[in-house]
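I opened this notebook to record, entry by entry, what I looked up in one structure.

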Amino acid sequence: MVSVGVLVRFEAKADKVDEVEALLRALVAQVQREESTNAWFGFRLGPTTFGVFHAFSDEAGRETHMTEAREAIRAKASELFGVAPTVDDVDIGAGRAHRHAARTGTQPARVDRRQRRERHR
């Protein structure tokens with residue numbers, strides 16, 4: 001069960017927006033390899049404002065991820081961001097994530113009834 005998360009918001013330098021978008025896309029593959037991350041979303045809130053939301057089963061998973069992520073954030077922060085990112089720990093009170101999506105970061109493929117019947121023969 002997902003019980004804790006991290007919400008990170010950051011303001012990209014105006015000339016670095018494309019690089020921040022590319023960084024978010026690249027992070028998906030890294031996060032998919034992490035056992036402790038149950039869900040991860042990169043998003044855009046405005047022309048230069050971005051965010052990331054991570055969800056974890058427990059505090060140990062959150063700490064493991066954030067220990068590694070802090071170094072990556074520090075390495076890129078002065079180059080990409082106008083101000084230091086805001087990092088907030090959150091307690092998740094309610095939610096739903098598709099099991100497949102939580103494991104892989106993708107939505108499961110839709111299977112029509114005929115394909116489903118063929119699988120079970």
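**Entry 1: R44 and its surroundings**

I began with R44 and set aside its neighbours within four places in sequence; the residues in contact with R44 are then V17, E21, T49 and F50. Contact means heavy atoms within 4.5 Å. I note that this is a predicted model, in which local features need pLDDT of at least 70 and side-chain atom pairs count only at pLDDT 80 or more, while totals for chains, interfaces and linings use all residues. Residues are numbered from 1 along each chain as its sequence is written, and side-chain values use heavy atoms, with hydrogens and water left out.

Where does R44 lie? I found R44 in strand β2, residues 37-44. Helices (H or I, at least four residues) and strands (E, at least two) are DSSP runs, numbered from the N terminus.

Is R44 buried, partly exposed or exposed? R44 counts as partly exposed because its relative accessibility is 42%. Buried means under 20% relative accessible area, exposed over 50%, and partly exposed in between, with a 1.4 Å probe and protein chains only.

I then looked up polar contacts of R44. A polar contact is a pair of N or O atoms within 3.5 Å; within protein, one must be able to donate a hydrogen and the other to accept it, and residues adjacent in sequence count only if both atoms are side-chain atoms. The side chain of R44 reaches the backbone oxygen of G46 at 3.0 Å. A polar atom of that side chain also lies 2.5 Å from the backbone oxygen of P47.

**Entry 2: The strands around R44**

I read that a hairpin joins β2 to β3 through four residues. These strands, β2 and β3, pair in the antiparallel sense over seven bridges; two strands pair if DSSP finds at least two bridges between them. I also located A39, which stands opposite A55 in β3.

**Entry 3: Aromatic pairs**

From R44 I turned to F10, which is 34 residues away in sequence and 9.6 Å away in space, C-alpha to C-alpha.

How many aromatic pairs does a search of the whole structure find? The search finds two. Rings of Phe, Tyr and Trp (its six-membered ring) pair if their centres lie within 6.5 Å; planes under 30 degrees apart count as stacked, over 60 as edge-to-face and the rest as tilted.

F10 and F50 form a stacked pair, 6.2 Å centre to centre with 15 degrees between the planes. F10 and F81 form a tilted pair, 4.8 Å centre to centre with 45 degrees between the planes. Here F81 lies in the loop between α2 and β4 (86-91), 71 residues from F10.

I noted that ring pairs link F10, F50 and F81 into a cluster. F10 counts as buried because its relative accessible area is 9%, and F81 counts as buried because its relative accessibility is 7%.

**Entry 4: The nonpolar core**

Last, I looked up the largest nonpolar core, which has 18 residues; F10, V20, L24, F50, V52 and F81 have the most contacts inside it. The elements that give two or more residues to this core are β1 (4-11), α1 (17-32), β3 (49-56) and α2 (59-80). A nonpolar core is a set of buried Ala, Val, Leu, Ile, Met, Phe, Trp, Tyr and Cys residues joined through side-chain atoms within 4.5 Å.
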